[in-house]
Amino acid sequence: MSAEPPHDAASPSPPPQPPIAQTPGPRVTRLQDIYAQALARTLRANSYANFAACFPTPAKHVPASLESVWRQLNAKLEESAKAEFEDILNERDAVRQLNELDRLVGEARARREQARNGTERDAMEGVEAEGEERVPPHTLPPGELFRAHLTPQLEKTKAVLDGKIEATETQNVELAQKVQAQRAEIERLLAGLEAVVRDVEGAAAAATQYGCENNLRKEALQMDEEVKAREDI
């Protein structure tokens, strides 16, 4: 078994990065190209036709002199704009910072590729299985760090949501039982109401029958009285 290289357990921080080059990198070059294109469009907008339209009299009588002034003005404008842009880059230390950004992006892409291949994860699991020192957090890929910080919060949120779901389910069961009890009560009331309706209908039929029989009795008595009256005559 080959000997492992010495490791400083007291200082897990990565070694210092090499000095950043002041030569324009990809992002600085792209920024300069964009500025040059914007400046060129601005100068094209200040065409001689537009410039001469602002000074019709010199354009009519001394067009050559006016064109010379226009050329000098555009040249001075271009020179001043470029100089001011360089001053801003120097004041903001833009070249160094953008080069640093290029370096960080490159490292992040490399780590992402390593995470995809599983090399760092396999190495971390092997070290933990052998009981050796854990891998320092700064060497883990961004995805692992993101999940490590986010998982506890997600578990707490899941526990809270599970509790709310359980309470809601209990309330739903209680509401279902109340609804069933109310339906049974409504059915009992409807059954009682139907019995009352039948009683009312029976009473109405009896009253109608009694009325008919009473009318027949009156007619019979009236006929008897008429017969008796005729016999007396």
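A: Happy to. The side chains of Asp102 and Arg27 are joined by a polar contact of 2.4 Å. A polar contact here is a pair of N or O atoms within 3.5 Å; within protein, one must be able to donate a hydrogen and the other to accept it, and residues adjacent in sequence count only if both atoms are side-chain atoms. Please keep in mind that this is a predicted model, in which local features need pLDDT of at least 70, side-chain atom pairs count only at pLDDT 80 or more, and totals for chains, interfaces and linings use all residues. Residues are numbered from 1 along each chain as its sequence is written, and side-chain values use heavy atoms, with hydrogens and water left out.

Asp102 sits in helix H5 (residues 94-117); helices (H or I, at least four residues) are DSSP runs, numbered from the N terminus. Asp102 is buried, with a relative accessible area of 16%, where buried means under 20%, exposed over 50% and partly exposed in between (1.4 Å probe, protein chains only).

Now for the aromatic side chains. Searching the whole structure gives three aromatic pairs, meaning rings of Phe, Tyr and Trp (its six-membered ring) whose centres lie within 6.5 Å; planes under 30 degrees apart count as stacked, over 60 as edge-to-face and the rest as tilted. One of them is Tyr48 with Trp70: the ring centres are 5.7 Å apart and the planes are at 65°, so this pair is edge-to-face. It links distant parts of the chain, with Tyr48 in helix H2 (residues 48-54) and Trp70 in helix H4 (residues 63-91), 22 residues apart. Tyr48 is partly exposed at 22% relative accessible area, while Trp70, at 14%, counts as buried.

The rings of Phe51 and Phe55 have centres 5.1 Å apart and planes at 50°, so that pair is tilted. Phe51 counts as buried at 11% relative accessibility, and Phe55 as partly exposed at 38%.

Finally, the surface. Val197 lies in helix H7 (residues 142-232) and is partly exposed, with a relative accessible area of 38%. Together with Ile186, Leu190, Leu193, Val196 and Val200, Val197 makes a nonpolar surface patch of about 530 Å².

Conventions:
Helix = DSSP H or I, 4+ residues; strand = E, 2+ residues; numbered from the N terminus. Patch = residues over 30% accessible without salt bridge, like charges linked within 9 Å, V, L, I, M, F, W, Y side chains within 5 Å. Areas by Shrake-Rupley, 256 points an atom, 1.4 Å probe, with all protein chains shown as cover. Salt bridge = Lys/Arg side-chain N within 4 Å of Asp/Glu carboxyl O.
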